[in-house]
Amino acid sequence: MEMKRITRSKPLILTALAGLLAAEAAHGEGTEGEQLFVRRIVPLLHEKCLSCHGQDETKIKGGYDLRTPGAALKGGDSELPGIVPGKPEESPLYLASTREHEDWEAMPPKEADKLYADQIAWIKDWIAAGAPWPDDAKAKAIAEAHAKAWEAEDGIVVKTAGGLSPEWTNRRYQPDGLWGYQKVASVSAESDSIDSFIAKRMPEGVTPAPAADPKTFIRRATFDLTGLPPTPEEIAAFEADSIHNPQSAIPNLLDRLLDSPHYGERMAQHWLDVVRYADSSGFANDYERGNAWRYRDYVVRSFNEDKPYDQFIKEQIAGDEIDPTNPELLVATGFLRMGPWELTGMEVAKIARQRFLDDVTNSVGVTFLAHSLECARCHDHKFDPVPTADYYSIQAVFATTQLAEREAAFLPDENTNGFEERAYLEKKREEYRDTLARLDRVLLENAQGWFRENGKDPARWNAAVTQAQKGQGKGNAGRRDFPDVFGAARNLMMKDGVPEEEFPPKLVGFTPEQFGMERVARKGLERLRWEMDRYEPYALAVYTGATQEMKAVLAPLRVPKNPMAGGELEQTTILTGGDPFGAGPKVKPGVLSVLSGTAEFGATLPETPQGRRAAFADWVAHPDNPLTTRAIVNRVWMWHFGEPLAGNPNNFGSTGKKPTHPELLDWLAATFVESGWSFKDLHRVIMTSEAYGRSSKFEVQGSKLSREELEKSYAVFKPRRLSAEELRDAMLAATGELNRTMGGIPNRPEINLEAAMQPRQVMGTFASAWVPNPKPEQRHRRSLYALKLRGQSDPAMEVFNAPAPDFSCERREASTVTPQVFALFNSQASQSRALALAKRILDETSEERAAIERVFLLVLGRRPSESEITTCLDHWRTMVPLQEKAVYPEFKPPLTVRREAVEENTGEKFAFDEKLHAYADFVPDLQPSDCDARTRAFADVCLALLNANEFVYVY
């Protein structure tokens, strides 16, 4: 420690060096003071002091050297001894560490590095014991003599690739915090099952809840596996099967649900939460990733095909290396592109590049290994045995991974319908081109005025304009898809060496409105390049190659003709403090080194650019990788029970919650691998257990435990609220409006009109307003397929806890807040679903009582009681006269929206009307004005049922 004396104190008497050498204990175990020095003081000095007081002998601060006992006793520039053996209250080393003594500056100087109370006490006790300082040989003997006892109390040293400092490399960990790194226990006996493991940890005296009734079970299972409600007919069939074939009813139900194409959609929703799927890139640009939808559909197909999980992993990390000719595998690598990313002319390309590398490194760790590796980006991990060297070794795997939209032919089973909607984008493109052509003519006229005003001869300029008009110029007109004669003429003048003061400046003579419209149109065309990619056979993907030099990305990237040439073949180094420009020691591609010691599982990766990711993917997907296998079964368990076995699915480190049933977690992991990494087999194992089939009712005999404690022990089933997507989809299913078409380009459902029309900045100008698909069947597809923009969320999804895609969502929350009432009861979407449901039922029935029974079956899956029928009929009849008096305006879609902004070149305001082309063909949902008073009144009953807990929750 650097100790600066603040005020003068009384001289201290230097004790003889002999005081350091207390009598040795028997058998070489050392005295208590010596043991304290070896066990606590040496690591503490390394961690907190030696960086300033001995690590570099040419830069010892305050003249105080802590490398040897003599120097430590002598002290520093204060010319006072640093340690007075036996007298901590007179020792500056101790006094400075307390940070409270007025004579000595607080040490370590940074508040964040201050010592804990226990550490201060160690220093005090050591000095009080005479400050013994055994030599290296004796220190080693003492450490060996007490190794087992100290490990039991302090934890164990874990072998890794090594940290940035010896103290980190040799630090100790509590064994229970290392559970995730240990080998997965093998399947021990045929008698083992989920219920046997649950029973072993069932609280004493608790008798679990009985099995749920068939109606409850089929609703639970159907939502879990398809995200949709069962039909009344499916419920009735299962209830009958449960009576006549009780042993086979549930297995048969699960087979049917797992064979449903909607199974893949439900599982994909879970997976896409984890990988942060979005149809746009985020940040300030937030341009649309036109072909991201193909990765979404790849995930759906993979689950429906029951693709083995190890193969699923390999394809997403290294599909292009496995088979670069297979479009499916190119699409799979979209996983590596899911994070937000941009490169504008306003930032440094190297920083943007590093942002991608950091993102993909951490994403792989979080998704597959349940480890946030980014914690080790700037320093060795503070809590887990993950050194910074490991972080950059894994990052080296991706050092030659480059971003590109790659040619990938559409597959026979990909949905390529709906591409005709690009006609609306074509209209927008022509609108922008017309604007720029008009402004180009204005500039050419203004140029002539500029020559007149400045008394200059325009002859040379006019010749350049003529050449540009003939298409002979090699300026902007050659690389832009809009008329830019003015810009091309300027480029020709500059190429010919004409001084810039001799020809008109850019955008000469523009008004604030013209400045603004030029930017809106030019940037709009840039944005459309991304959106138009949606209809082309390209995949959001990666390739292996050199890092090309680029200043900004203004259009979809393509693979260069020679990927390994024309750029930098990056060599990964440890970046000091995570600084992209702070290059330190070089590292080779590698894996998490901790697993080599704890699970005897390691790998050597090739250093050549080709094959790195494939080899790394093999390591991640290896059946002996304990993190991978535990992580995925933990997620699937959570998808069924609402609670993971290990409390943080993205964090199996020491700061994550430990498994409540570790033996069960390992048994599931081992069983999963033995079954060929089959998700569908895993679902069957989980969903045929007694724990999954239990009732959610609270009546558990002989228990004083809280509801939460009973749920965590799986004595009762934990109910859950439907997710935001399930709520919307279930409503559409009940009304009969749901379009169950699989896959394809994203659709645009109606969202809150105010949110849809809200001005939003993208790529330095206005983003397009959210305009829903014109036809109801296009809008009413499953929520999974809705366009997901990072910069514009659907308020109805957001309020019911749909996660933002910037960060991996390990687990959805289910908050209860007031805005949910307005979204579910008062929103236009709910009103429209209630009206559509009323119309459907009245078309299917001819009598009021039958209508009430039918709506209960469609919404709640059961028949109503007599009191419920009476209440609903009374309310229906009461509402009819009120609805007869009500007046509903005809819906008129907005064809334009007014945009206002401050033009950045002039600082003055300008405004324009954005045309909403798709609204010109808009076919609205069923409107109140289309229905009679009786239908509208019945819709009020339907709305109440759609708000019932029995509909909103799965029990």
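Which residues does Gly180 touch, not counting residues up to four places away in sequence? Gly180 touches Pro626, Leu627 and Arg630, where contact means heavy atoms within 4.5 Å. The model is predicted: local features need pLDDT of at least 70, side-chain atom pairs count only at pLDDT 80 or more, and totals for chains, interfaces and linings use all residues. Residues are numbered from 1 along each chain as its sequence is written, and side-chain values use heavy atoms, with hydrogens and water left out.

**Overall architecture**

- The protein chain has 38 helices and 14 strands; these are DSSP runs numbered from the N terminus, helices being H or I with at least four residues and strands E with at least two.
- Along the principal axes, the C-alpha atoms fill a box of roughly 105 × 100 × 55 Å.
- Of the 955 residues in the protein chain, 55% are buried; buried means under 20% relative accessible area, exposed over 50%, and partly exposed in between, with a 1.4 Å probe and protein chains only.
- Of the contacts between residues at least 6 apart in sequence, 71% join residues at least 24 apart.

- Gly180 is found in the loop between strand E2 (172-173) and helix H8 (194-200).
- Gly180 counts as buried because its relative accessibility is 0%.
- The C-alpha atoms of Gly180 and Ala631 are 9.0 Å apart in space, while the two residues are 451 apart in sequence.

**Aromatic rings and charges**

- The structure holds 45 aromatic pairs; rings of Phe, Tyr and Trp (its six-membered ring) pair if their centres lie within 6.5 Å, and planes under 30 degrees apart count as stacked, over 60 as edge-to-face and the rest as tilted.
- The pair of Trp271 and Phe368 is tilted, because the ring centres are 5.9 Å apart and the planes stand at 45 degrees.
- Trp271 lies in helix H12 (residues 261-275) and Phe368 in helix H16 (residues 349-369), so this pair ties together parts that are 97 residues apart in sequence.
- Both Trp271 and Phe368 are buried.
- Phe672 and Trp677 form an edge-to-face pair, with 5.8 Å from centre to centre and 75 degrees between the planes.
- Phe672 is buried, with a relative accessible area of 1%, and Trp677 is buried, with a relative accessible area of 5%.
- Arg558 lies over the face of Tyr538, at 3.7 Å from the ring centre; a charge sits over a ring if NZ of Lys or CZ of Arg is within 6 Å of the ring centre and within 35 degrees of the ring normal.
- The charged end of Arg781 sits over the ring of Tyr785, 4.5 Å from its centre.

**Helix H33**

- Gln820, Ala823 and Leu824 are the buried residues of helix H33 (residues 819-826).
- These buried residues line one face of H33, because they fall within an arc of 85 degrees seen down its axis; the arc is that of the directions from the helix axis to the C-beta atoms.
- The elements against which the buried residues of H33 pack include strand E9 (720-721), helix H29 (724-735) and helix H34 (828-844).

**Backbone features**

- Most residues other than glycine have a negative phi, and most peptide bonds are trans.
- The peptide bond from Met107 to Pro108 is cis, with omega near -10 degrees, and Pro108 is found in the loop between helix H3 (92-98) and helix H4 (117-128).
- Phe283 has a positive phi, near 60 degrees, and its place is in the loop between H12 and helix H13 (293-304).
- Phe283 is partly exposed, with a relative accessible area of 45%.
- Asn801 is not a glycine, yet its phi is positive, at about 70 degrees.
- Asn801 lies in the loop between H32 and H33 and counts as buried at 19% relative accessibility.

**An exposed loop residue**

- Thr604 is in the loop between helix H22 (594-598) and helix H23 (612-620).
- Thr604 counts as exposed, at 79% relative accessibility.
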